[in-house]
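Good morning, everyone, and thank you for making the time. Please take a moment to look at the sequence and the structure before I walk you through a few parts of them.

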Amino acid sequence: MGGPSAEREVSLSSGRECAAALRGEGYEVTELDAGPDLVARLNEIKPDVVFNALHGRWGEDGCVQGILEWMGLPYTHSGVLASALAMDKQRSKEAFKSAGLPVVDSVIAPRDEATARHVLEPPYVVKPNNEGSSVGVYIVHESANAPPKLSAEMPDLVMVETYAPGRELTTTVVGGEDTDPGAASVTEIIVDGWYDYDAKYKPGGSSHVVPADVPADIYDLCMDYALRAHRALGCRGVSRTDFRWDETRGVDGLILLETNTQPGMTPTSLAPEQAGEIGMTFGQLCAWMVEDASCNR
């Protein structure tokens, strides 16, 4: 848990929640803040399983997964390739397109260029290509005369993608080596404005309607698309796929935004809520992830 990414605080919160839940299920748990001494600490602890509660770069992009594979330590969530693919928004989008899933147009552009001119016709969104949790997301509205002033903390290359209007929907998939993956439910996220970092993680930042009050065909498509996205990337364990739905366009208005291979596991997180819809308590979900852990994922 923890680690050096922009999502460190969320990861610490996820880690604490998962550790408490696993202790409640009878497991012996050591909490480890992932730092430069990670390998030495793992050698010292000698765990049977590593529960990966890291979010963002290094913990979610295949890096720590590669270390755990090298050390021969069974771990939770997706493996090296699926993690790296899902974290790279442009490459994961190419995988989704190949699987026939609906995504919006996007380009990768130098940060300076995205600041100097409209790389796409507004409205569009600018965001890092390899961060999560809505870190560093800029929305450029249709009426904008000038491009966004991006912070110096933004990476040298950014993703610029066509803005997808509509309602926020998300679907969790649960599945492992001995379990065919299945979609749990569809949640609608209701927020005043953009579903940004604060809306995701601060109490009261957003409200969740689960199951989402949407037409049956849209609900079924979210379930189908999330499962296909999980398979297209080669995910394991738990993943969560986010959508935007423009209800004025019906089925054609449902757009897949991205798949998260390490969904948040905090008190306000979506995946645990959806697991509850298929009869899994938070403790049972964490325990299932431990029992599903392996190498060669």
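Predicted model: local features only at pLDDT ≥ 70, side-chain atom pairs only at ≥ 80, totals over all residues.

I would like to begin with strands S2 and S3, which run antiparallel and are joined by three bridges; two strands count as paired here if DSSP finds at least two bridges between them. Within that pairing, Val125 has Ile139 of S3 as its bridge partner. Residues are numbered from 1 along each chain as its sequence is written, and side-chain values use heavy atoms, with hydrogens and water left out.

The names of the elements come from DSSP runs, numbered from the N terminus, with helices (H or I) of at least four residues and strands (E) of at least two. Strand S2 also pairs with S4 in the antiparallel sense, over five bridges, and there Lys127 stands opposite Met159 of S4. S4, residues 157-162, is in turn paired with S1, again antiparallel and over five bridges, with Ala109 opposite Val158.

Put together, these strands form an open sheet of four, in the order S1-S4-S2-S3, with antiparallel pairing. Its edge strands are S1 (106-110) and S3 (138-140), each of which pairs on one side only.

Is S2 mostly covered or uncovered? It is mostly covered, since five of its five residues are buried, where buried means under 20% relative accessible area, exposed means over 50%, and partly exposed lies in between, with a 1.4 Å probe and protein chains only. Helix H5, residues 89-98, lies across S1, S2 (124-128) and S4, and contact here means heavy atoms within 4.5 Å.

Thr115 is partly exposed, with a relative accessible area of 31%. Leaving aside residues up to four places away in sequence, Thr115 touches Pro147, Pro148, Lys149 and Leu150. The C-alpha atoms of Thr115 and Lys149 are separated by 5.7 Å, although the two residues are 34 apart along the chain.

Conventions:
Axes fitted to C-alpha atoms, helices over the stretch in contact; angles between N-to-C directions.
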